[in-house]
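Please look over the sequence and the model shown below before reading on.

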Amino acid sequence: MSGSQRHFFSFYRLWTIAANTMTEIVRQKFFYILLLFGVIVLILSLFLLEFSHLDRVKFIKDFNLAAIAFFGALITIVGTAELLPLELENRTIYPILAKPVFRLEFLLGKFTGMISLLLLTLLLMSVIFAALLFYTETQLLADAMAGRGLAEGVTVDEAVRQVKAQVRDAQLFKAILLIYFKLVIVCAVGILIATFATSVVFNVICTSIIYICGHLVTTARAEWMSNQTVSSKPMLGILVFFIPDLDAFNIADALVLGQSVSWELVFQTIRYGFFYTGVILLVAHFIFDSKEI
Amino acid sequence: MDMVSSTSSAIETRNLSKHFRVSLRRKVIGLDKLNFVVRENEVYGLLGPNGSGKSTTIKLILGLYQPTEGEARLFGMNVESVSSRVSVGFLPENPYFYKYLSGEETVRFFGRLCGMRGRALEDKVSELIAMVGLERHRHRRLGGYSKGMLQRIGLAQAMVQDPKLLLLDEPTAGVDPIGSIEIRDMILKLKKMGKTILLCSHLLDQVQDVCDRIGILQYGKMILEGDVKELLTRKDQYQYVIEGLSQEARSQIGRQIGDKGGRILREGSPQTTLEQLFLQTVRQGDNRQEGI
Amino acid sequence: MKKAFLSILLILAAAIPAKWHLEGGIQKKRQELKLGGTAISTELRSKLGQNLAVALLSGFRGIVADFIWLRAHSAWEKEIWYKLKEGIELAVILQPHCISFWDIGSWHMAWNASYGESVNPKYPSDAYRLKAQRDWIEAGRRFLEDGIRNNPDSYDLYFKMGWLIDQKFKDFNAAIPYLLKASTYPEAPTFVVRMVGHEYVKAGRHQEAYEWWKKLWAEDHEKQPQQLWHKIAQWGAEAEEKLGIPAAQRIFPSRHKPATTQPRK
């Protein structure tokens, strides 16, 4: 190896760090515990149903999508908060940055590792969700075939078709896709906070607050445009101009109710997710690059 | 693009300074206008009490800190460029690696970070693990490694991209005397292979044994620098160590020394060092074990 | 350090207007698609209570609505009617596009609560019971009206309204427009379409019922395999009988020859 060789940003190094980050998180207890809880809660939705006269399919969908979003957020927030502080605290970052590795490669490697793991987690939960839906469908179909619970005048064929139309909704994929991109933003926010705050607890609290506030941005925006009173403007301004609009990623509720959401809107929202994530990571990069480690 | 200022220098610093801000008003000077050169293929010992600026120097050389003033160059390349780190391997003090990786995985991970892959990487990993004598433990996770083993795996990862320069920060801290001797031997072997080594250590005996030159830092300043042999030789004194002389012959020679105008400052049977005694005893124990 | 700070300022200066613009585009489209429910007012927050409000704020609207619904459901089991109504109304505030909330909610009011009150021993006299029963039926009807206003694209609530008026007010003439409206939606099941004809019969408007069966019969039987064509044939023939249509003008196959009708699968 000659010393005069120039180095450029390398995806190979980025992915090396990302893969290692995935190993790191997977070998931690919190990940398994949260994942296990998530899976238990998903399955729990079947038993909760026994006691209710809800619209079964709506409930299963609401419950599972909420559980996926909730446990996904929990894993993202806790996992991301630990990424950089652990490296600094255990000083494992020193030998890494002593190699010809750009700090941007390191930062993006950590981020990529987290969101890749998140993708696998959501896929796993989605598969369980699909299995539960399939199970529910089998039950409902059995009921319909046996003529149980049919409204007056509804033929068995019609009931079967109705059940299938309600259960097999390919649009649910869009909902999970947007949940994923919402969590990608949350992950980027966690990384940004970690570049200047070393406390894991502080990071978890901050990211959680931003997560919650992110769902108020739509409301805050409407308020900002309609309300002319000065007193509430500063708070609204922070929400409107800095906090990501996470509510924009919520299409699950509407999809469960059978409303249709166009791919156009889905892609538009994903583009917004890319934009916000990119800006956040760029800011994180500038802070991390000038950081004394 | 990078001007090679002097082909024979591995490390070169010019007015390298680092100030730390403790509060808004107060600053602490970590390193003050440091100028020093490590030549290629020499072993240089950087010494100094705690807080004298050794670690700061290493972090500056590795680009982990930004200098407040001045610059450092590795083989003529400014350390602010990531490329400068191609030719340097770093063994941190108390090696901090991922506990969840095995020895082999650790070396492989760092090899990948240096852009290595495939057969070449696997061969290198095996070679280095053999070199540091960890073949039997290559699949064990680092969580179960002893300090000495960690140092060795640290050395292996430092050398993975075959760098010309090695920065060793306290390579023998917490290692038992045998491990310590082995690391010393390894340093000498590396020198023979043509490597340049910067060694930070508190164990002065060891520094004395392996270093060509040393520099002593205090309060962020280089207060003494030079060739080890020259610095330690007392040119006004001379020493014999003699074997097989009778008591009578000894007193005769003593008298003669007095006649010639010399003065005996110290005489008696030389004591072996505790280190040597320890090593001898332990090695005998090893032999007995193997005999059984 | 200063360089980094300046870079960040520059990024923000460019990013904030872009953020505003992008979010505006998404929200405009979301409003067009009627996504997202009612805004969360202070009043709504106090009605929900701390935990549910936080859950709602975190984007879990659907599941919050479901839990409110469960609460309403247990109020039904305990026959605490005002609590049932409160729960139902809160649920539809959260998810005004949830058809089943409107549908089942109005059924709870107009059927369950009204019946419960009609046999409530706490009232001093039957007059009170009758009054309470009527009030609940009216509440159910008004609730369904709100539902239709919020979901004009759904056949289901029009149909339910027709059914409610039919069952609870026995005003068949008033029910017909709702059923007619429901039958115009292509996704409406076949019984909705058939219901219109029956309603004409109930209202005594036999000529219109006959016209309705004729209109249905004229449709392409192949395209509507779900439709009970043999039944329509039967009802059409009955109507022809009743109206005394001359044999030459009759179009429905006689009851004795069902072979010409579309066989059901």
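How many salt bridges does the rule find across the interface of chain B and chain A? The rule finds one there, a salt bridge being a side-chain nitrogen of Lys or Arg within 4 Å of a carboxyl oxygen of Asp or Glu. This is a predicted model, in which local features need pLDDT of at least 70 and side-chain atom pairs count only at pLDDT 80 or more, while totals for chains, interfaces and linings use all residues. Residues are numbered from 1 along each chain as its sequence is written, chains are lettered from A and ligands numbered from 1 in the order in which they are written, and side-chain values use heavy atoms, with hydrogens and water left out.

**Which chains touch**

- Two pairs of chains touch, and of these the pair A and C has the most contacts, where contact means heavy atoms within 4.5 Å.
- Chain B and chain C do not touch, and their nearest C-alpha atoms lie 10 Å apart.

**The interface of chain B and chain A**

- The contact draws 37 residues from chain B and 33 residues from chain A.
- Between them, chain B and chain A bury about 3,300 Å², with 61% of this on carbon and sulfur atoms; buried area is the accessible area (1.4 Å probe) that two parts lose on being put together, summed over both.
- Of the area that chain B buries against chain A, 21% is supplied by B:Leu64, B:Tyr96 and B:Leu113, more than by any other three residues.
- The salt bridge is formed by the side chains of B:Lys18 and A:Glu292, at 2.4 Å from N to O.
- Twelve residue pairs are in polar contact between chain B and chain A, both residues being at pLDDT 80 or more; a polar contact is a pair of N or O atoms within 3.5 Å, where within protein one must be able to donate a hydrogen and the other to accept it, and where residues adjacent in sequence count only if both atoms are side-chain atoms.
- On the side of chain B that touches chain A, at least two residues each come from β6 (88-91), α2 (103-113) and α4 (147-158) of chain B, these elements being DSSP runs numbered from the N terminus, with helices (H or I) of at least four residues and strands (E) of at least two.
- The largest share of that side, five residues, comes from α2(B).
- By residue class, the side of chain B that touches chain A holds 21 nonpolar, eight polar and eight charged residues; Ala, Val, Leu, Ile, Met, Phe, Trp, Tyr, Cys and Pro count as nonpolar, Asp, Glu, Lys and Arg as charged, and the others, Gly among them, as polar.

**The interface of chain C and chain A**

- Here 49 residues of chain C are in contact with 61 residues of chain A.
- The area buried between chain C and chain A is about 4,800 Å², and carbon and sulfur atoms give 66% of it.
- The rule finds three salt bridges across this interface, one of them between the side chains of C:Lys29 and A:Glu264 at 2.9 Å from N to O.
- There are 15 residue pairs in polar contact across the interface of chain C and chain A, both at pLDDT 80 or more.
- The largest share of the side of chain C that touches chain A, 18 residues, comes from α1(C).
- That side of chain C divides into 27 nonpolar, 13 polar and nine charged residues.

**The sheet in chain B**

- An open sheet of four strands has the order β2-β1-β4-β5 in chain B, with antiparallel pairing; two strands pair if DSSP finds at least two bridges between them.
- The edge strands, each pairing on one side only, are β2 (27-39) and β5 (77-78) of chain B.
- Strand β1 (residues 9-21) of chain B pairs with β2(B) over nine bridges, and the two form a hairpin with five residues between them.
- B:Lys18, which takes part in the salt bridge to A:Glu292, has B:Leu31 as its bridge partner in β2(B).
- Five bridges join β1(B) to β4(B), and the bridge partner of B:Arg14 in β4(B) is B:Glu71.
- Strand β4 (residues 69-74) of chain B pairs with β5(B) over two bridges, and B:Arg73 stands opposite B:Asn78 in β5(B).

**A buried side chain in chain C**

- C:Asn112 lies in helix α6 (residues 99-118) of chain C and is buried, with a relative accessible area of 15%; buried means under 20% relative accessible area, exposed over 50%, and partly exposed in between (1.4 Å probe, protein chains only).
- The side chains of C:Asn112 and C:His108 are joined by a polar contact of 2.8 Å.
- Leaving aside its neighbours within four places in sequence, C:Asn112 is in contact with C:Trp76, C:Trp81 and C:Trp107.
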